[in-house]
Amino acid sequence: MSWTRGLPGALAVCVLLLVAAAGCGTGTAHGQRGTGSPSPVGKILDDTDESGRHYREVDKRQAPEVGTVVTPDASGGWDVRLDVHRFRFSRAGTAAKAVAGRGLAYLFVDGGLVTRLRTPVYHLSAGLVPHGTHHITARLYADDGTVWAVHGKPVESTADVTASGAETAKPTATGTTGAATG
C-alpha cells in the first residue's frame, strides 16, 4: 500500500524538477525581460590595432561614435572631453565580454597609449603635450578588449593640438571627428 502512494508523490516531484529546470536559462530574472546574457555583437575581423587587439565590426547604424574635444587649462595642461553617442562607459570590474555600445576608451598622444578611460573626461598634464603639434586620439573598445570598428576602421576621433606655452592665455582651436567612416 505504501508503494502505491509513493509512486504518485515521486512522479509529482519529478515533474516539478523538470518544470523548474526548463524555466532556468530563459533570459528572464524574476519576470524581468532583457536581463539575460546578451547575444554576440558584431563580427571579429582579422585586422588589429597597434597592440594586436582585433577589430569588432558593427553596422554603422548601431555603431558607437566618439568626438574628442581638447582645451587648455589654467595650469598649462589640457582637458580632454569625449562626446560619445550610442556608447556607455563600463565600470571597472565589468565582465570581459562585448556588449553592444559598451566599453571603454583608450587615449593616445601621438600614437602612444596614455590611459584607459571609463569616464568621458580626462586631464592631460603639460608634460604629456610638450611644445609643438600633437595628435590626441580617443579609440573605443569593447570590454573584451576588441576595438569597435565600422567598415574595417576603428571607431576613434583625433584632435590636433598645438602647444606653444601660451595655452593659459587663450584657448586654441581643437579638432573633432566622429565615428570612422569608410
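Reader: Not counting residues up to four places away in sequence, which residues does Val161 touch?

Author: This is a predicted model, and in it Val161 is found in strand β12. Once residues up to four places away in sequence are set aside, the residues that Val161 touches are Val70, Trp78, Val129, Gly132, Thr133, His134 and Ile136.

Reader: Is Val161 buried or exposed?

Author: A residue counts as buried when its relative accessible area is under 20%. Val161 has a relative accessible area of 1%, so Val161 is buried.

Reader: What distance separates the C-alpha atoms of Val161 and Trp78?

Author: Trp78 is among the residues that Val161 touches, although the two are 83 residues apart along the chain. In the model, the separation of their C-alpha atoms is 9.4 Å.

Reader: Which residues touch the most other members of the largest nonpolar core?

Author: In soluble globular proteins, nonpolar side chains tend to be buried together. Here the largest nonpolar core has 27 residues, and those touching the most other members are Leu82, Leu124, Ile136 and Trp148.

Reader: Which residues are closest to the centre of the largest pocket?

Author: The largest pocket has a volume of about 170 Å³, and its lining divides into four nonpolar, two polar and four charged residues. Of the 10 residues that line this pocket, the closest to its centre are Ser90, Arg91, Thr94, Arg102 and Asp143.

Reader: Why does Ser90 count as buried?

Author: Ser90 lies in the loop between β5 (88–89) and β6, where Ser90 is in contact with Arg102, Gly103, Arg118 and Asp143, leaving aside neighbours within four places in sequence. The cut-off for buried is under 20% relative accessible area, and Ser90 counts as buried because its relative accessibility is 3%.

Reader: How many contacts does the stretch of residues 168–182 have beyond near neighbours in sequence?

Author: The mean pLDDT of the chain is 80, and 69% of its residues reach 70 or more. Over residues 168–182, however, the pLDDT is below 50. Where pLDDT is low, the predicted coordinates should not be read in detail. With that caution, the number of contacts this stretch has in the model, beyond near neighbours in sequence, is 42.

Technical notes
Residues are numbered from 1 along each chain as its sequence is written. Side-chain values use heavy atoms; hydrogens and water are left out. On a 1 Å grid over the protein atoms alone, a cavity is a set of points where a 1.4 Å probe fits but cannot get out, and a pocket is an open set with protein on both sides within 12 Å along at least five of seven lines; lining residues have an atom within 4 Å of a point. Grid points are joined across faces, edges and corners, and a volume is the space filled by probe spheres set on the points. Ala, Val, Leu, Ile, Met, Phe, Trp, Tyr, Cys and Pro count as nonpolar, Asp, Glu, Lys and Arg as charged, and the others, Gly among them, as polar. A nonpolar core is a set of buried Ala, Val, Leu, Ile, Met, Phe, Trp, Tyr and Cys residues joined through side-chain atoms within 4.5 Å. Buried means under 20% relative accessible area, exposed over 50%, partly exposed in between (1.4 Å probe, protein chains only). pLDDT is the predictor's confidence in each residue, from 0 to 100. Contact means heavy atoms within 4.5 Å. Helices (H or I, at least four residues) and strands (E, at least two) are DSSP runs, numbered from the N terminus.
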